[in-house]
Amino acid sequence: MGDGFTRERAWRLLQDWTTSPSLIKHGLAVEACTRAYGVSEASRLGLSAVDSAEFIELYAIAGLLHDFDYDRYPSLEEHPFVGVKFLREQGWPEPVLHAILAHADYSGTPRESHLDRALFASDELAGFLTACALVKPSKSIHEVEVAGVKKKMKDKAFARAVKREDITEGAALLGLTVEEHIGSCLKAMQDRAEELGLAG
Ligand SMILES: [Fe+2]
Ligand SMILES: [Fe+2]
């Protein structure tokens, strides 16, 4: 990534602005999911190794930073607008800013790019998969299965803050079935279970 707008810098920024450990983990979980979609999109586009590394890093940064202002500015008037303004002043890449705005359905920013769609699709699902892991006695995401997640989606009392329609709409935006979308995000989060505190 040119100009030093790296995943590492995004990670430090997230930690600077966020005190809530669960919100930091949420950033990491969404990063895992969006990054996986960046990897598959880069290969679908047939990007060179160098281009694809840069492309994938945009997905990782957008995932990490999409809620980075939420601890300080959680209101609908402020999140994610305050954060995006700050990032824009610093010069972060425009596709990342666009995706962060578009993850909030009240922002008026349409979801256009594949990154916009991947971030929106990953946000609620990452939260839901975390909830699915935390109700396991082991609290391990390795014990979560696609079929169980689908069942829990029908249980209205479970993780009620998570909008089920965002998960199904997200899958459709990516041209995936809900099962494929769940499977892809689940695998991405399982690969980083330790870091997410979901290794059991
Ligand atoms: Fe958000
Ligand atoms: Fe989020």
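**Before you start**

The model is predicted, so local features need pLDDT of at least 70 and side-chain atom pairs count only at pLDDT 80 or more, while totals for chains, interfaces and linings use all residues. Residues are numbered from 1 along each chain as its sequence is written, chains are lettered from A and ligands numbered from 1 in the order in which they are written, and side-chain values use heavy atoms, with hydrogens and water left out.

**Stop 1: the iron ions**

Select the iron ion (ligand 1). Which residues coordinate the iron ion (ligand 1)? Asp67 (OD), His79 (NE2) and His103 (NE2) do, at 2.1 to 2.3 Å. Donors here are N, O and S atoms within 2.8 Å of the metal (3.2 Å for Na, K and Ca); water is not among the atoms, so sites may look incomplete. Along the sequence, the spacing of these donor residues reads D-x11-H-x23-H.

Asp67 bridges the iron ion (ligand 1) and the iron ion (ligand 2). The two ions lie 4.0 Å apart.

Color Asp67 and His79. Both sit in the loop between α3 (49-65) and α4 (81-90), 12 residues apart. Helices are DSSP runs (H or I, at least four residues), as strands are (E, at least two), numbered from the N terminus. Are Asp67 and His79 buried or exposed? Both are buried. Buried means under 20% relative accessible area, exposed over 50%, partly exposed in between (1.4 Å probe, protein chains only).

**Stop 2: a bridge between helices**

Side chains of opposite charge can pair when their charged atoms come close. A salt bridge is a side-chain nitrogen of Lys or Arg within 4 Å of a carboxyl oxygen of Asp or Glu. The count by this rule is 12 salt bridges.

Select Lys150 and Glu179. Their side chains form a salt bridge at 2.6 Å, N to O. Lys150 is in helix α7 (residues 146-154) and Glu179 in helix α9 (residues 178-190). The pair links distant parts of the chain, 29 residues apart. Lys150 is partly exposed, at 29% relative accessibility. Glu179 is partly exposed too, at 35%.

**Stop 3: Lys163 and Asp166**

Move to Lys163 and Asp166. This salt bridge spans 3.9 Å, N to O. Lys163 counts as partly exposed because its relative accessible area is 35%. Asp166 counts as buried because its relative accessibility is 8%.

**Stop 4**

Select Arg192 and Glu195. Their salt bridge is 2.9 Å, N to O. Arg192 is buried at 18% relative accessibility. Glu195 is partly exposed at 37%.
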